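Biologist: Could you take me through this model and tell me what stands behind each label? I would like to see values set against cut-offs.

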Amino acid sequence: AATSGLHYLTKDEAFSELCPEDIVLERIGLILIRERRLFPAGYVLEKRSERLLDSSDEKDDKILRKKNKALYMRDEIIPTILFLLYVNYDNVKFLSVKDEDESAVKGVRWLSKALDCQDPPGIALLGKCYCNAYPVNDYKKSSELFEKAIEMGYAPAYVGLSDLYWDGLGLDKDRRKALSLLKIAAKKRVGEAAFMLGNLFFKGELLEKNEKAAFLLYKTVAGDKNTEGSIRDKASCNLGYMYEHGITVKKNFKEAFKWYERADSVDTAYCNCAKLYQKGFRSLYGDDSVSRYEKAIDMGSARAMYNRALIYIRGDRGSQDLEEALSLLNKAVLADFPYAKLLMAVAYEAGFMVEQDSDKARALMKELYDAGYEIDDEDYYLECASEDMILQADYLPNQMYPEYDLIKTGALSLTFEEE
């Protein structure tokens, strides 16, 4: 330990402010304390409003544990710690796990002990597992777990229960009930609920359309350090979109870019930044559209795959590369991205980038119809399919998070740049 520079926390080091993203590290640190192992001091932070985690005085240590063992040792979160370790089994070398399926079973088995420990966050997390097929779906059980966590005063569980009512999973579908639960959670300062209400206000879904209310909710969530980082990032992304398009505020690309930059865990934000560059915005980085698209692609954005493929097809940022374009479009097709399927249908009919194959073109069109899409003037796309049609296909525009408008069923068409 001395040669590796590892040491136990001092009292001063223990009192550090916790960011939401550090909670996993803190919890792993707590189990290391429980196991009396050595660890890097920076990996263990004091959780808000709680007493310090380590005492250098053995006598004091015994007194403190006797006075409040649960608070000192945090026994009630041990099931959650072990669950998180199993979720990340591929990075935790001392776990004996064959594959992801076994890690899910063992992780949930540990997390189930949160019920015995009466740990509301752990109980709510178990509810999330059972409504996300980890390892199996059991929506009825999920709803019971969320309700139990709510009874114990854990406000974020309202969001999980709201989701079940919204989609009618294990419960009768009741979107009004789902909305009322979101409102309760938002009043209790649950950032995720406030963000979801912002989306409903923005779209005018179940609530009267109110873009100003949406803006204020997004701004509140984006600036709330007690809200999970990924939710803050989603709110920041939507603020960027509103500044970009001048919705309730003066249009300001620089301000839009600032908010997109803050949303560094959201693929939509990277994709939006790239499109902002294509619209003529220039930052200190110059034209950084390609690297932004590629970052979004790494995060799984089908819109980024589509737009990056068009750059390759046109050779807009270098030489034309049809092989790379085809690879990206095929990935987007596998992700069921409707615009990629429509463009590839045109490509197969025209014999551009691929061998001409009308059967494959019509099969892709059928997939879109079967999924509920209505193709504007299908005959036009297949009868007029050509290389020029693909070369003139326009980039997809920027989106709010989540990118519902690009994947919702209904009328589907490509747009084209003017000659």
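Modeller: Pro135 is placed in the loop between helix 8 and helix 9 (139–151); helices here are DSSP runs of H or I with at least four residues, strands are runs of E with at least two, and both are numbered from the N terminus. This is a predicted model, in which local features need pLDDT of at least 70, side-chain atom pairs count only at pLDDT 80 or more, and totals for chains, interfaces and linings use all residues. Residues are numbered from 1 along each chain as its sequence is written, and side-chain values use heavy atoms, with hydrogens and water left out.

Biologist: What makes the peptide bond from Tyr134 to Pro135 cis?

Modeller: Its omega is near 0 degrees. A cis peptide bond also joins Tyr401 and Pro402, with omega about 0 degrees. Pro402 sits in the loop between helix 23 and helix 24 (404–407).

Biologist: Which value of phi draws attention to Gln118?

Modeller: Phi of Gln118 is near 55 degrees, a positive value in a residue other than glycine. Gln118 is in the loop between helix 7 and helix 8. Arg189 also has a positive phi without being glycine, near 65 degrees, and its place is the loop between helix 11 (175–187) and helix 12 (191–203).

Biologist: Why is Gln118 called partly exposed? And what makes Arg189 exposed?

Modeller: Buried means under 20% relative accessible area, exposed means over 50%, and partly exposed lies in between (1.4 Å probe, protein chains only). Gln118 has 42% relative accessibility, so it counts as partly exposed. Arg189 has a relative accessible area of 66%, so it is exposed.

Biologist: How do you know that Cys131 is in no disulfide?

Modeller: A disulfide is a pair of cysteine sulfur atoms within 2.5 Å. For Cys131, the nearest cysteine sulfur belongs to Cys129 and is 8.4 Å away. A search of the whole structure finds zero disulfides.

Biologist: Are those two cysteines buried or exposed?

Modeller: Cys131 counts as buried because its relative accessibility is 18%. Cys237 has a relative accessible area of 0%, so Cys237 is buried too.

Biologist: Which residues of helix 6 are buried, and what do they pack against?

Modeller: Glu102, Ser103, Ala104, Gly107, Val108 and Leu111 are buried in helix 6. The buried residues of this helix pack against helix 5 (78–87), helix 7 (114–117) and helix 8 (120–130).

Biologist: What makes a group of residues a nonpolar core?

Modeller: They must be buried Ala, Val, Leu, Ile, Met, Phe, Trp, Tyr or Cys residues joined through side-chain atoms within 4.5 Å. The largest such core has 51 residues, and Tyr306, Leu329, Phe337 and Met344 have the most contacts inside it. Among the elements giving it two or more residues are helix 16 (267–278), helix 18 (302–314) and helix 20 (338–350). A second, separate core has 36 residues, including Phe83 and Leu126.

Biologist: Why is Arg303 called buried?

Modeller: Its relative accessible area is 1%, so Arg303 is buried. Arg303 lies in helix 18. Contact means heavy atoms within 4.5 Å, and, leaving aside neighbours within four places in sequence, the contacts of Arg303 include Thr268, Phe337 and Glu403.

Biologist: And what makes Leu368 buried?

Modeller: Leu368, in helix 21, has 2% relative accessibility and therefore counts as buried.
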